[in-house]
Amino acid sequence: MSLLEVSNLRVNFKTFGGTVKAVRGVSFNVDNGETVAIVGESGSGKSVTVQSIMGLIPSSAGNIEGGSIKFKGKELTQLTKKQMREIKGKQISMIFQDSMNSLNPTMQIGKQISEGIMYHQNVSKREAKAKAIKMIREVGISNVEKRYEQYPHEFSGGMRQRVMIAIALACNPDLLIADEPTTALDVTIQAQVLALLKEIKEKKDTSIILITHDLGVVAESAEQVIVMYGGMMVEKCSVQELFSNPNHPYTWGLLESIPNVYSNQKERLKPIEGSPPDLFSPPKGCPFAPRCKYAMNICMEEVPELYNVNDDHSSRCFLNDEMAPRIEEFSDTEELV
Ligand code: SF4
């Protein structure tokens, strides 16, 4: 049994404009000590997927239409708010992109960490403070006693993100969900925060779901990758497979749009032309069809199933069908073969 098992998750939002099908049949597992990255453009459904795991979809706006989310064998979609609060912060924690808005600006950093510890663990104020100080030290913040009493605005962006990690890890959760944790940071600080997450994961055997749009971050941090597009999972494989044997045309587009630091040649980066699908009325067939240069007639009519590329690699693309033309038969695409 995996730590987390998500099967055929479907999430809709009701708006004045109609129903948004934000997540359409997503399935994946996270094992103990494993990092799974979910990548995709904004609107691909990656954040909604993890918000569903955390029970953060407000019932007034959206609902889980179907599917299952099992954590340690327990079905999370059936839990009451109170039962979910017991799990959140203690067994599953989340860190967000925007640390300034996630922290309470009027409360000392140390208190924000120790409050979570007191909520979930049966400890005195003094013990909670000692644990909070230990956490602040563990995430690499020096001058701990002074820092404990400071407020969020007295910390830099990178330091605030370290505080967020301290809060998330204070109760030693089994699963940490990091939603674009480094997007707002400059490259050097980004590398430091990623290294910290990696170090903590190795030390504590924490499983991580990492949401990102940055394939460089995926290469550095994850073992498994899920590529999402238009609310669907379009490719799922190991990190090595993603970079050595990518299968889905959308993944090819993502890979072509990042700089190749190992290449001597001055290559032009190729953005993926077109826009993500309108989730009010997604395309009838493959969600990527309007932007895909390999699209065939069937792609406009039917949603492709997930084809097995090999034992540990699947891709939602008709090009994997044995009846599909080989990629060489498309003009102007030889470089992708
Ligand atoms: Fe392109 Fe068709 Fe594959 Fe979709 S199914 S990615 S449109 S070739």
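**Pocket, ligand shell and helices**

Reader: Which element supplies the largest share of the lining of the second largest pocket?
Author: In this predicted model, local features need pLDDT of at least 70 and side-chain atom pairs count only at pLDDT 80 or more, while totals for chains, interfaces and linings use all residues. Residues are numbered from 1 along each chain as its sequence is written, and side-chain values use heavy atoms, without hydrogens and water. A pocket is an open set of points on a 1 Å grid over the protein atoms alone where a 1.4 Å probe fits, with protein on both sides within 12 Å along at least five of seven lines, and lining residues have an atom within 4 Å of a point. Seven residues, the largest share of this lining, come from α4.

Reader: Which residues lie nearest the centre of the second largest pocket?
Author: β6 (92-95), α4 (109-120) and α7 (157-169) each supply at least two lining residues; helices (H or I, at least four residues) and strands (E, at least two) are DSSP runs numbered from the N terminus. By class, the lining has 15 nonpolar, seven polar and two charged residues. Of the 24 lining residues, those nearest the centre are G89, M94, G116, H120 and I167.

Reader: How many charged residues are in the shell around the ligand?
Author: The ligand is surrounded by H248, P249, C286, A289, C292, Y294, A295, C299, P304, C317, F318 and L319 (a heavy atom within 4 Å). Ala, Val, Leu, Ile, Met, Phe, Trp, Tyr, Cys and Pro count as nonpolar, Asp, Glu, Lys and Arg as charged, and the others, Gly among them, as polar. The shell has eleven nonpolar residues and one polar residue, and the number of charged residues is none.

Reader: Why does C237 form no disulfide?
Author: The structure holds zero disulfides (cysteine sulfur atoms within 2.5 Å).

Reader: Is K125 buried or exposed?
Author: K125 is in helix α5 (residues 125-138). The C-alpha atoms of K125 and E115, ten residues apart along the chain, are 8.7 Å from each other. With a relative accessible area of 66%, K125 is exposed.

Reader: Which residues in α1 are buried?
Author: Helix α1 (residues 46-53) is largely enclosed by the rest of the structure, because six of its eight residues are buried. Just after α1, G55 takes a positive phi of about 65°. The buried residues of α1 are K46, V48, T49, V50, S52 and I53.

Definitions and conventions: Buried means under 20% relative accessible area, exposed over 50%, partly exposed in between (1.4 Å probe, protein chains only).
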